[in-house]
Amino acid sequence: MSTDSASTKKIRLFKHVSMLLVFIVICMGAAGLGAIATTPEIGGWYQTLNKPTWNPPSWIFAPVWTALYLMMAVAAWDVWRSADFAKTKFAMTIFAVQLILNIAWSWIFFRWHQIGWAMFEIVALWATILATIFVFLRFSRLSAALLIPYLAWVSFASVLNFWFWRLN
């Protein structure tokens, strides 16, 4: 019986590690889709914008976003493993919606240069992140806590977006 138990534990561990990797790939894939819109514009259009004096240097965004996407992945994985799919379906759906809105902001702001529309979109993103935190809290305090830096960064990005809109 201990052999079956050890085998079952190994299978469960493999499943959990595999799903963590799936969530990391999903979140980093979202990062990549956003980068497709963002990266070509950093050295061009973005440089032409009037910026507030407190605008962070461009190099800071990639490491911050990388850390945030990894925390998002761990948060989603933690919710996934906390209950069966029927119970986590809404939580995973709201998580997916905020991820799509996250990608969309990069395209609206950077690729399409629509600073005003990006302002409206980032407000929707912010509200969806907040909703995700509250929904995740039902499953795991850790998952909700892992999204708080994301909400804080998007709050900062929202203020920055507003100032870009105002100055340009």
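Contact means heavy atoms within 4.5 Å. The model used here is predicted.

**Exercise 1. Val 154**

Is Val 154 buried or exposed? Which residues does Val 154 touch?

*Solution.* 
Step 1. Val 154 belongs to helix 6.
Step 2. Its relative accessibility is 1%, so Val 154 counts as buried.
Step 3. Not counting residues up to four places away in sequence, Val 154 touches Trp 65, Ile 122, Leu 125, Trp 126 and Ile 129.
Step 4. Take Trp 126. It is 28 residues from Val 154 along the chain, and their C-alpha atoms are separated by 6.4 Å.

**Exercise 2. Helix 4 and helix 6**

Describe how helix 4 and helix 6 cross, and name the residues in contact.

*Solution.* 
Step 1. The axes of helix 4 (residues 85-111) and helix 6 (residues 141-167) come within 14 Å and cross at roughly 25 degrees.
Step 2. Angles under 35 degrees count as roughly parallel. Helix 4 is therefore roughly parallel to helix 6.
Step 3. The crossing of helix 4 with helix 6 is left-handed.
Step 4. Helix 4 contributes Gln 98, Asn 102, Trp 105 and Phe 109; helix 6 contributes Tyr 150, Asn 161 and Phe 164.
Step 5. Sort these contact residues: four are nonpolar, three are polar and none is charged.

Conventions
Residues are numbered from 1 along each chain as its sequence is written. This is a predicted model: local features need pLDDT of at least 70, side-chain atom pairs count only at pLDDT 80 or more; totals for chains, interfaces and linings use all residues. Side-chain values use heavy atoms; hydrogens and water are left out. Axes are lines fitted to C-alpha atoms, for helices over the stretch in contact, and angles run from 0 to 180 degrees between N-to-C directions. Helices (H or I, at least four residues) and strands (E, at least two) are DSSP runs, numbered from the N terminus. Angles under 35 degrees count as roughly parallel, over 145 as roughly antiparallel, 65 to 115 as roughly perpendicular and the rest as oblique. A crossing is left-handed if the near helix is turned anticlockwise from the far one by less than a right angle, and right-handed if clockwise. Ala, Val, Leu, Ile, Met, Phe, Trp, Tyr, Cys and Pro count as nonpolar, Asp, Glu, Lys and Arg as charged, and the others, Gly among them, as polar. Buried means under 20% relative accessible area, exposed over 50%, partly exposed in between (1.4 Å probe, protein chains only).
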